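Please consult the sequence and the structure while reading.

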Amino acid sequence: EAWGGIFVLALRTMAVRLMSVALYLLLSKEEKSKDENVLISELCESLGILFYTELMGSQNYGFPMRSMGPKRKRELAVTSRACFKAAVEAVKEPENADDGSDEIHATWDLIFMVGKVSLSQDKGLSFLVVEEKIARSFELEGFPSGEEQRKRQYEEHMALALENYVAALAQAKEIEANGGAIEIQSGGSSHGHTEILYRIHATRLKCLITAAKRHEDEFQKAEEEALRLTERHPFQEPESAMPASEEHVRDRIWNVLADIVSALAQCRVDQPYFHRSVYRHAQALCWAPILYDPLSTEGSHDTVPATRGFRIRGLNNSTAVSQSAEIVMNSLFDKKRSQLCAVWVTPTSAASPFQALNNSTRKYDSLRGKYISAYVELLRLSQRRGKLETFLKGTYSCRRDVACYFQASALVGGGIPPKSHANEPILLIHNNLREHGFLTTVKREANSALADILIHEITERSTKAQSIEEKKKTENFLKLAYSTYLRLNCSREDLDRCRAWKYGANTLREVEAVCQAFLAYGSDEEVTEVSGGSAAFGDWSGGGRKAKIFDAAIEKCKKMFPTLTGSYFSKKAIAAVKSKKNAGNEPQQAGDKRKEPPEEDMVVMPYEVAVPSGVSAGDSFLTTVRVGDFTKKLKLTVPETNPTTLRFTVKVPKSSSEQAAKKAKGDGPTPEE
């Protein structure tokens, strides 16, 4: 990493110096032709993209590599904005020019980038922003006291950004009206003027959320500031004939929110592949209870009255807003995709500055990560365990991202990694490239959210299981919790080195889930013995009673589930999701997968198969069960305990039950590697 940082810094320094020399040579000419002015504009644009790309990364390369500070971010933002402004000025015709040409210079993308840089100076105050630019320097700025009428720097920069967006939108629409071509890419990062329309109203939403996050002593001034910014650029003209200043503040804020949601929903209508507005739409729904009532303590678990909610598209007033937001976000995750999320980019031959920035791998993974984190959090809030398990299963069939592949390849001397990433640890211990990679982070967040849902379901069952059916349910909770721990792919020694284990009581949710499930399932004697003579909770730090309970839980799980792997999920929960998804579908046609016999015509038969030689823990092999005319192929995974045989059950037709019993007593199914 150290040598890589030095190499990147050297390349960037060379690029800036070469473009600066070329720009100096062009500017030193006394008379410049039109083509030379265009070349000057392109050089300024390239410099602006280079500085803004560095700002997006928020990383100081060189040695040692470190996070970028607020002062450096502010310098890069100002320099980048100056470059984009210079690019616009270089191709702007003089006011007295009269060459008989009616051509409109397409500088809307550069004006858009000027607004984007202005916005980036205050971006850190918004909700769930991944690429913070230099907003930290303005985050703690207080409001003027007394009768002072001075505006905050936040308001000045945000107003300037919105004005630049509006100017860029007007020019883009003018070009389209005159038959000009604004490139539209299905599924990419450019959708003509829809990109600018979205940015205007996404910025308005951030203004409302920024005001809602201020301290209660500054809340009134923050809301007045947000209304000054957001009411100036509506998507639709207000229906009320009453001036906005005469309405109540709560009514004005709700009117702005409804207008913003209408604009975000319209972006998706105009461009079906436009993914940015889906995320902001869901974010607006999550913040609706706070914007309706700032004193709300339920947050995204709260509801909005029907008298208000009917104006917000996608908001169901009968359920928590998190469930409405989850339904909106689900449109990006409704199918199984190799990239997990409905986000992709299509490079072009001549990309605008905005396209050049968004076609980068960093931006692509940043967008995917932001959407996935929001979707996982909504599934956790809505307690959708089935959907979360389905999504988590999809992560194991994806390819490694660049960071994960680089780390795995380096460990084997630069060759192809021999094993799947499903066997790699996801616990944050060594602070290396793989642990901070996109795919590892996604698996870690999803697995932690699944463990959190299990904890919630376990704690809701306040009484210890008494009946056989209740005991089985509690045992299944323990099995599911144990599988979340196995997916960490870490040892007990790794936990001791983890800061979350040492200092955090609720950070490692997988460990917490195993402990809670063990306490709910274990007998009173086991719990009392482990807890040191008392069944009550005590010291839950990593080195205290929590460690004893966790060690006892792991020992019990190893005895109860010796062949369990991290690939185990709740079959009922996943089946419920699939049945809802397939509800109302047409009947199967020729060529579809053959249906199995009805459940009443099947019988469960046990089998035992030897693990082939050369197959180690985490590897998989194929085995085939043949009973009469019935044939079924199975893929078995060897658990970490490295057993010599694996036991499993298969449903076979009752008509072949005698043959199945005979087969089970004989040689058993033959494994095929």
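This is a predicted model: local features need pLDDT of at least 70, side-chain atom pairs count only at pLDDT 80 or more; totals for chains, interfaces and linings use all residues.

An α-helix has 3.6 residues a turn, so residues three or four places apart point the same way.

Side chains of opposite charge can pair when their charged atoms come close. The side chains of D551 and R492 form a salt bridge of 2.7 Å, N to O. D551 is part of helix α23 (residues 545-560) and R492 is part of helix α19 (residues 492-497), so this pair ties together parts that lie 59 residues apart in sequence. D551, at 33% relative accessibility, counts as partly exposed, and R492 is likewise partly exposed, at 22%. Salt bridges that share partners also join E377, R380, D452 and R509 into one network.

A further salt bridge links the side chains of D251 and R308, at 2.6 Å from N to O. Because D251 lies in helix α9 (residues 249-270) and R308 in helix α11 (residues 306-309), the pair connects parts that are 57 residues apart in sequence. D251 is partly exposed, with a relative accessible area of 28%, and R308 is partly exposed at 22%. In the whole structure, a search finds 22 salt bridges.

These pairs are set within a protein chain that has 25 helices and seven strands. Of the 673 residues in the chain, 48% are buried. Among contacts between residues at least 6 apart in sequence, 70% join residues at least 24 apart.

The interior may be considered next. In soluble globular proteins, nonpolar side chains tend to be buried together. The largest nonpolar core here has 79 residues, and those with the most contacts inside it are L257, M329, F333, Y371 and I372. Helix α7 (residues 193-212) supplies the largest share of this core, eleven residues. When neighbours within four places in sequence are left aside, L257 is in contact with L205, L208, A284, A288, L291 and I312. Another core, of 34 residues, lies apart from the largest one and includes Y482, C490, A517 and F550.

Nonpolar residues are found on the surface as well. F7, L11, M14 and L18 form a nonpolar patch there, with about 450 Å² of accessible area together. F7 lies in helix α1 (residues 2-27) and is exposed, with a relative accessible area of 54%. The accessible surface of the protein chain comes to about 34800 Å², and 52% of that belongs to carbon and sulfur atoms.

Conventions
Residues are numbered from 1 along each chain as its sequence is written. Side-chain values use heavy atoms; hydrogens and water are left out. Helices (H or I, at least four residues) and strands (E, at least two) are DSSP runs, numbered from the N terminus. Buried means under 20% relative accessible area, exposed over 50%, partly exposed in between (1.4 Å probe, protein chains only). Contact means heavy atoms within 4.5 Å. Accessible areas come from the Shrake-Rupley method with a 1.4 Å probe; for residues, only the protein chains shown count as cover. A salt bridge is a side-chain nitrogen of Lys or Arg within 4 Å of a carboxyl oxygen of Asp or Glu. Patches are made of residues with over 30% relative accessible area and no salt bridge: like charges are joined within 9 Å, nonpolar side chains (Val, Leu, Ile, Met, Phe, Trp, Tyr) within 5 Å. A nonpolar core is a set of buried Ala, Val, Leu, Ile, Met, Phe, Trp, Tyr and Cys residues joined through side-chain atoms within 4.5 Å.
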